[in-house]
Amino acid sequence: MRDVFRAYYAPAGQELDALWTEGIIVLDTNTLLNFFRYTPSTRDEFLSVLESLQDSLWIPHQVGLEFQRRRLEVISNTADAFSKVKASVGTARNAVTGKLNEYKHHPSLNRNELTKQLDKLFERFSAKVDAQAEQHAEWIAGDGDPERTFFRISDLYDQRVGQGFSREELDAIEEDGKQRYEHKVPPGYKDANKTNGNEYGDLVIWKEILRLGEAMKKPVIFVTDDAKEDWWLIERGQTQGARPELIDEYWAAAERRIHLYEPLQFLKHAKERTQIAVSDNSLDEVQEVSSGNERARRVLHERREQLVQLREGQLRNIERHRSDGSTSRQRADMHTELAVLTEEQRFLETQRQVLEAQGRRLVNEVDELEPTYRDEQHMHRVTATYEERAAVETRLAHLAKRREALERGIREREPREERMAAVWERRVRAIDEELHDVSLALDELES
């Protein structure tokens with residue numbers, strides 16, 4: 001049973017011993033980059049453990065490349081802590097000040113005195129943060145801790161770097177990756193949406209490990225700070241171990257086991273086997289850094305999903321606006337009706353002028369006739385002419401009101417449509433910008 005379904009059993013006994021005595025230890029990129037995130041004491045203890053295991057260490061070419069490309073960025077990002085602390089100080093100061101302002105007329109609360117003390121407190125605190133930020137900037141710029149850490153890690157892997165793949169081999173891995181990702185074959189498929197061009201980085205690392213196993217026929221310990229489901233078997237939010245597919249695929253290549261550790265578990269086991277002193281504080285810090293990275297990844301993943309949904313909603317609004325066209329059709333109908341009204345107005349204006357002239361002529365004729373010659377038929381023609389002119393004027397007044405309503409409707413609809421389209425497009429652009437920033441942050445955490 002265990003031989004057939006070995007991927008579903010954790011290594012124990014002789015197999016676990018063989019992993020530590022014969023196995024090749026591989027650390028992923030983020031595990032190495034975390035050394036620039038640890039405090040000096042934790043970093044030194046962890047590196048001392050690795051130095052005692054140096055004969056077992058090996059680094060895939062892809063991990064080494066990612067490490068070289070990103071270490072300066074990670075070191076530089078440690079300075080963000082100071083600006084975030086300063087921002088939180090400002091928020092706290094405003095909150096306390098706002099609360100004090102609610103008691104301007106309190107009989108015993110001396111708001112002015114407390115505000116002055118508060119200002120002094122925050123000023124002293126901010127000055128200390130600024131001083132530490134300045135020291136940190138000098139620490140980064142100088143040849144101090146970061147450089148020593150970099151060289152110490154570099155020495156760990158002297159003559160222990162994979163040879164990497166040719167361009168043709170990388171192209172073939174990418175083609176293979178497209179099929180694997182489509183069918184969610186681990187590892188790497190959770191990186192399919194990366195925007196930094198490294199969506200196949202994990203798969204390249206895995207292919208290097210498989211090639212090493214096939215050549216060396218040795219077990220492997222893989223230490224990764226990547227907590228995604230394309231490396232780990234996760235049930236109801238709990239990590240159960242490495243994905244069985246990975247264990248089986250490595251066994252098919254090397255006929256030996258691969259075992260995955262998170263950094264904390266690896267350090268605990270390594271501490272016991274090497275007898276190197278590692279403090280509980282260092283273990284706690286390793287866990288905190290990993291947990292912090294995971295919390296950040298989870299928050300960023302959730303935000304990216306929200307942004308994707310928001311973007312889709314805005315695009316649906318734009319598409320619905322374009323494809324529906326009801327407002328545009330209404331506006332077109334209004335323009336058509338306005339053109340008809342305009343033509344009728346012109347005709348009726350001419351009719352009114354004709355009737356007005358005809359009425360004046362008939363009235364003049366009546367005035368010129370002797371009363372005995374003013375027959376009923378002539379008077380009826382005068383009356384009919386003026387009645388017809390009045391009807392034309394009534395119709396013209398109605399047309400004028402309708403024309404005013406149409407013109408107002410057209411004026412109102414055009415800017416509103418333009419404003420709505422502009423609002424949706426601005427929202428999409430803003431979402432795209434934030435989505436780009438979130439994706440870059442995720443890439444930085446997950447590479």
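**Exercise 1. Determine how strand S2 is joined to S5, and identify bridge partners.**

Solution. Strand S2 covers residues 220–223, and four bridges join S2 to S5, the two running parallel. Strands here are DSSP runs of E with at least two residues, helices are runs of H or I with at least four residues, and both are numbered from the N terminus. Two strands pair if DSSP finds at least two bridges between them. Next, the individual partners are read off: Val220 has Ile258 of S5 as its bridge partner, and Phe222 has Leu260 of S5.

The model is predicted: local features need pLDDT of at least 70, side-chain atom pairs count only at pLDDT 80 or more, and totals for chains, interfaces and linings use all residues. Residues are numbered from 1 along each chain as its sequence is written, and side-chain values use heavy atoms, with hydrogens and water left out.

**Exercise 2. Assign the side-chain directions in S2.**

Solution. In a regular strand the side chains alternate between the two faces of the sheet. In S2, Val220 and Phe222 point one way, while Ile221 and Val223 point the other way. All of these are buried, that is, under 20% relative accessible area with a 1.4 Å probe and protein chains only.

**Exercise 3. Describe the packing of helix H8 against helix H9.**

Solution. Two packed helices are described by the angle between their axes and the distance between the axes. The axes of H8 (residues 167–182) and H9 (residues 201–216) come within 10 Å and cross at roughly 110°. Axes are lines fitted to C-alpha atoms, for helices over the stretch in contact, and angles run from 0 to 180 degrees between N-to-C directions. H8 is therefore roughly perpendicular to H9, a class that spans 65 to 115 degrees.

For the interface, contact means heavy atoms within 4.5 Å. Residues of H8 including Leu170, Ile173 and Tyr181 meet residues of H9, among them Leu203, Val204 and Trp206.

Terms used
Angles under 35 degrees count as roughly parallel, over 145 as roughly antiparallel, 65 to 115 as roughly perpendicular and the rest as oblique. Buried means under 20% relative accessible area, exposed over 50%, partly exposed in between (1.4 Å probe, protein chains only).
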